[in-house]
Structures are given as structure tokens and as C-alpha cells.
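Hello,

Here is the structure we talked about handing over. My notes on it follow below.

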Amino acid sequence: MKIKTLITVTLLCLSLSAAADDRVTAQAYEIALDKFQAPATENGGASFKECSDCVRKIVRVTSGTRYNVNGKAVSLEKFREAIAQVSDRDKMPVIVLHHLDSDTIISLSVSI
């Protein structure tokens, strides 16, 4: 009986410690293209402003950063070409997924 109780208490403690680890590791931003500048190279940085009064952020991209246009994975060059053709830049959003721990961009997505 004591072994069953000990196992139950141990499993309960483990489940509570797993549930307590709820820290945020990534932040997603929806930025209008007129407030966004795509990175020039695969190891460069993307810059954006969350709002017109906000300070511009520059966040590094890596070779692991994903670029999506209309739900399809593309290269950085194709991503830059796609956003360069948008005429209503203030109405077209780009989704920036920022990994907070490494301070890098996980993905950039746009639907044109």
C-alpha cells in the first residue's frame, strides 16, 4: 500500500512541475508591410515597428528562419520579391514569429 501511495504522490508532483513551466518562448507580431523591412541576407536582420509610435526593432534571422508566401515555403529571395510587388503596403500584414530566448526570427509569413 505504501508503494502505491509513494508512486501516486511522485507522479502527482511530476505533473505539477511540468504544468508550472508555462513561460513564453516566442512572440508573434502582425506588422503592416510599410512598417517592415525584410532582411537582405540569410544572416542579416529584419526590422519592424509594432505601431507607429513604437521603437523600431531589429531582430536577427538565421539560416533556419522560414519564409512563407501564401502558405508555401520559399527562399528569402522569393519572399523579398513577393513583398516588393505589393502596392497597398499599409494594408498587407506580415507575421513575424520572434523567438525570445535566442532573439532570432523563427519565421516570416505573408499572404498576398
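In which strand is S47 found? S47 lies in β3. Please keep in mind that this is a predicted model.

**S47 and its surroundings**

S47 is buried, because its relative accessible area is 7% and the cut-off for that class is under 20%. Its side chain makes a polar contact of 3.2 Å with the side chain of R56. Neighbours within four places in sequence aside, the residues in contact with S47 are K35, F36, Q37, R56, K57 and I58. F36, one of these contacts, comes up again in the nonpolar core.

**The nonpolar core**

The largest nonpolar core has 22 residues, and the members that touch the most others are F36, F79, V94 and V96. At least two residues of this core come from each of β1 (26–32), β3 (45–48), β5 (66–69), α2 (76–84), β7 (93–99) and β8 (104–110). The element that gives the most is α2, with four residues. As a general point, nonpolar side chains in soluble globular proteins tend to be buried together.

**Helix α2**

The residues L76, F79, A82 and I83 of α2 are buried. They are on the same side of α2, because the arc they cover around the axis is only 125 degrees. What do the buried residues of α2 pack against? Their partners are β2 (36–37), β5, β6 (72–74), β7 and β8.

**The disulfide**

How many disulfides does the structure hold? There is one, and it links C51 with C54 at an S to S distance of 2.0 Å. The link of C51 and C54 is right-handed, with 95 degrees about the S-S bond.

Regards

Technical notes
Residues numbered from 1 in each chain as written. Predicted model: local features only at pLDDT ≥ 70, side-chain atom pairs only at ≥ 80, totals over all residues. Heavy atoms only, no water. Disulfide = S-S within 2.5 Å. Core = buried A, V, L, I, M, F, W, Y, C linked by side-chain atoms within 4.5 Å. Buried < 20%, exposed > 50% of the residue type's maximum accessible area, 1.4 Å probe, protein only. Arc of directions from axis to C-beta. Contact = heavy atoms within 4.5 Å. Polar contact = N/O pair within 3.5 Å; in protein donor to acceptor, adjacent residues only side chain to side chain.
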